[in-house]
Amino acid sequence: MATDRFQVGPIVVLGAGINGAAIARELTLQGAEVLLVDAEDVAGGTTSYSSRLIHGGLRYLEYAEISLVRESLTERDRLLRLAPELVRPLELVIPVGNRLSGLISGAQRFFFKSGAAPKDGRGSLVVRLGLTLYDRFASGAVPGHRRLSSAQFAESGLSTSKFFTAFSYFDGQLTFPEQFALSLVQDAQAAAKEQGGAFSLRTYQHVRREAETLFFSSIHPNHGAGEIAVTPAAVINAAGPWVDTALAGLNVPSNKLIGGTKGSHLITRAPDLCKTIGPRGVYAEASDGRPIFILPWNNACLIGTTDIRYDGDPADAVADQEEIDYLIDATNAIFPDVGLTRDDIQQHYCGVRPLPAAGEGATSSITRSHVVHRHSGSPFPLYSIIGGKLTTCRSLAEGVVKAVLPDLGHEVARNSRERPLPPPNFGETPADAPLLPDLDVPIAHASYAIEHLAAKTLADLVERRLMIVFDPKLSRSCLRVLAEQLATAGWLDQAQIDAEVDHYVHRLQERYGKRVS
Ligand SMILES: Cc1cc2nc3c(=O)[nH]c(=O)nc-3n(C[C@H](O)[C@H](O)[C@H](O)COP(=O)(O)OP(=O)(O)OC[C@H]3O[C@@H](n4cnc5c(N)ncnc54)[C@H](O)[C@@H]3O)c2cc1C
């Protein structure tokens with residue numbers, strides 16, 4: 001029998017990536033008591049390392065993932081409407097080199113989910129067919145596809161020895177998924193207030209289980225003491241590529257659910273490339289048929305991506321030299337006059353896709369759809385999220401709530417389909433507020449993020465709150481000011497400031513290939 005109010009105890013969501021944060025928000029809309037817990041930070045995982053597109057996934061049409069493309073396009077158009085300050089339309093250009101290529105291999109992939117990508121790239125017939133379906137499934141929130149005029153193609157800088165024409169279409173770009181996840185967290189707080197539920201966020205947490213009780217303790221080096229005990233009504237494991245590790249931590253037996261693949265991106269401000277692409281992105285194919293995006297992004301160009309099976313700890317995934325060269329070569333093949341070199345790359349990043357465990361075969365053929373897996377053999381209702389894209393985080397969350405609530409004897413009361421999502425709020429700052437050294441960011445934003453937005457480390461501030469990790473002017477003196485803010489708040493000892501800055505500069509070099517002086 002369904003009850004009106006939530007009286008079943010807290011629902012624990014493990015993982016505060018874009019999916020965990022969206023699930024927490026959807027649950028608080030029901031009036032539930034929600035505890036969102038992360039082993040590191042909000043958006044500390046794959047959410048920070050994607051291509052940053054809110055897209056239907058044109059490529060998935062070839063694998064007959066029609067319902068995924070429909071769902072993604074519906075969500076894309078919804079996010080363009082409900083989160084216009086975070087998600088913006090982006091025009092993309094697809095260059096093509098012939099008319100007929102890809103028809104047979106495309107049909108093989110469509111019907112049998114196998115077959116190599118065409119050697120000569122997809123021809124204009126296949127591309128046009130895909131784009132026509134894409135337009136048909138969308139709601140008209142962005143202009144439909146068109147073929148570039150010969151003059152536009154001639155001016156595009158695209159290789160004329162490789163391509164003879166190009167098509168344009170629109171998708172969405174989410175400049176900072178890191179901040180989108182933060183917005184979801186802030187909105188979960190707001191929704192909890194509105195609906196009389198409760199929401200709390202705990203980051204840098206270790207979790208252990210005894211019978212039906214979970215014990216959370218801090219793993220932040222400066223805040224190690226004390227455990228809280230929670231007897232959850234349900235647990236939702238949204239730990240992305242760490243889903244299996246999280247299950248092991250809960251001591252719940254399970255088959256391996258995730259088979260991650262790593263994908264790397266390069267960031268360059270090479271003037272020739274940035275000027276050549278202008279405000280439009282390019283969606284083309286590398287020599288092995290893999291899709292390559294070259295996108296205008298955050299006053300730079302973002303180039304991605306690779307797709308390589310990966311078994312290690314996702315936290316250690318880094319773009320290797322082979323991937324960097326592959327992406328540079330692919331860019332030069334598409335834009336031969338640009339002459340991109342390793343010296344043009346300011347930084348790179350790498351993330352692990354939380355895809356379902358799959359056997360041998362092309363990584364591109366592994367489904368990008370998500371699954372909500374209900375476990376047996378757990379002392380509380382336990383669900384793991386397998387897969388999921390940035391684009392579908394909201395619909396995934398709605399699906400999770402639909403799966404979980406009936407198990408708890410509740411009906412779904414509302415959803416977020418028409419709920420706007422504003423950008424994260426960093427508090428009121430006067431126009432003449434002091435700025436971080438060398439940057440246009442008020443110091444007050446850092447202190448607000450520490451006090452109200454759960455920032456506890458330099459990485460939290462630089463990579464996931466202020467988004468200055470991508471700023472070429474990021475300096476040691478700026479990091480020092482941020483470290484002082486953390487020390488003032490008690491997250492760092494004064495005596496550790498210099499060592500912490502050194503340690504973090506080393507991390508930027510190792511993880512992002514970024515030099516800071
Ligand atoms: C190269 C690449 C490009 C991509 N491009 C796009 C794109 O353009 N558009 C798109 O829609 N999607 C894209 N994706 C997919 C998308 O980025 C991911 O599917 C999505 O970010 C997954 O989010 P998540 O919240 O499930 O996982 P994550 O973001 O990884 O979050 C999981 C969280 O769980 C935490 N955690 C780990 N272990 C535990 C534990 N034991 N307990 C509690 N918390 C734990 C982690 O710290 C992390 O914060 C891309 C992915 C990659 C890798």
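**Entry 1: the ligand and the domains**

I looked up which domains line the ligand in this predicted model. Domain 1 (11-46 + 178-257 + 367-407) and domain 2 (90-169 + 259-360) each supply at least three residues to the shell around the ligand. I note that the domain bounds come from an automatic or database domain assignment.

I recorded the ground rules of the model here. Residues are numbered from 1 along each chain as its sequence is written, and side-chain values use heavy atoms, with hydrogens and water left out. Local features need pLDDT of at least 70 and side-chain atom pairs count only at pLDDT 80 or more, while totals for chains, interfaces and linings use all residues.

**Entry 2: the shell**

I found 36 residues surrounding the ligand, with Asp38, Thr47, Leu53, Gly388 and Thr391 as the closest. A residue is near a molecule or strand if one of its heavy atoms lies within 4 Å of it.

I then sorted the shell by residue type: 13 are nonpolar, 17 polar and 6 charged. In this scheme Ala, Val, Leu, Ile, Met, Phe, Trp, Tyr, Cys and Pro count as nonpolar, Asp, Glu, Lys and Arg as charged, and the others, Gly among them, as polar.

A polar backbone atom of Ser51 is 3.0 Å from a nitrogen atom of the ligand. For Leu390, a backbone N or O atom lies 2.9 Å from a ligand oxygen atom. Thr391 uses an N or O atom of its side chain, 2.7 Å from an oxygen atom of the ligand.

How much of the ligand's accessible area does the protein cover? On its own the ligand has 1000 Å² of accessible area, and the protein covers 93% of it. Such areas come from the Shrake-Rupley method with a 1.4 Å probe; for residues, only the protein chains shown count as cover.

Helix H1 (18-28), strand E12 (261-268) and strand E17 (345-353) are the elements that give two or more residues to the shell. The largest share, 3 residues, comes from E17. Helices (H or I, at least four residues) and strands (E, at least two) are DSSP runs, numbered from the N terminus.

**Entry 3: a sheet of 6 strands**

I traced an open sheet with mixed pairing and the order E7-E2-E1-E11-E19-E18. Strand E7 (198-202) and strand E18 (371-374) each have a single partner strand, so one side of each is left without a neighbour in the sheet. Two strands pair if DSSP finds at least two bridges between them. Strand E11 (residues 234-237) and strand E19 (residues 382-386) pair in the parallel sense over 3 bridges. The bridge partner of Asn237 in E19 is Ser384.

**Entry 4: two backbone details**

I located a cis peptide bond between Gly304 and Thr305, with omega about 5°. Thr305 sits in the loop between strand E15 (300-304) and strand E16 (308-309). Ala43, a residue other than glycine, has a positive phi near 60°. Its place is the loop between strand E2 (33-37) and strand E3 (53-54).

Conventions
Polar contact = N/O pair within 3.5 Å; in protein donor to acceptor, adjacent residues only side chain to side chain.
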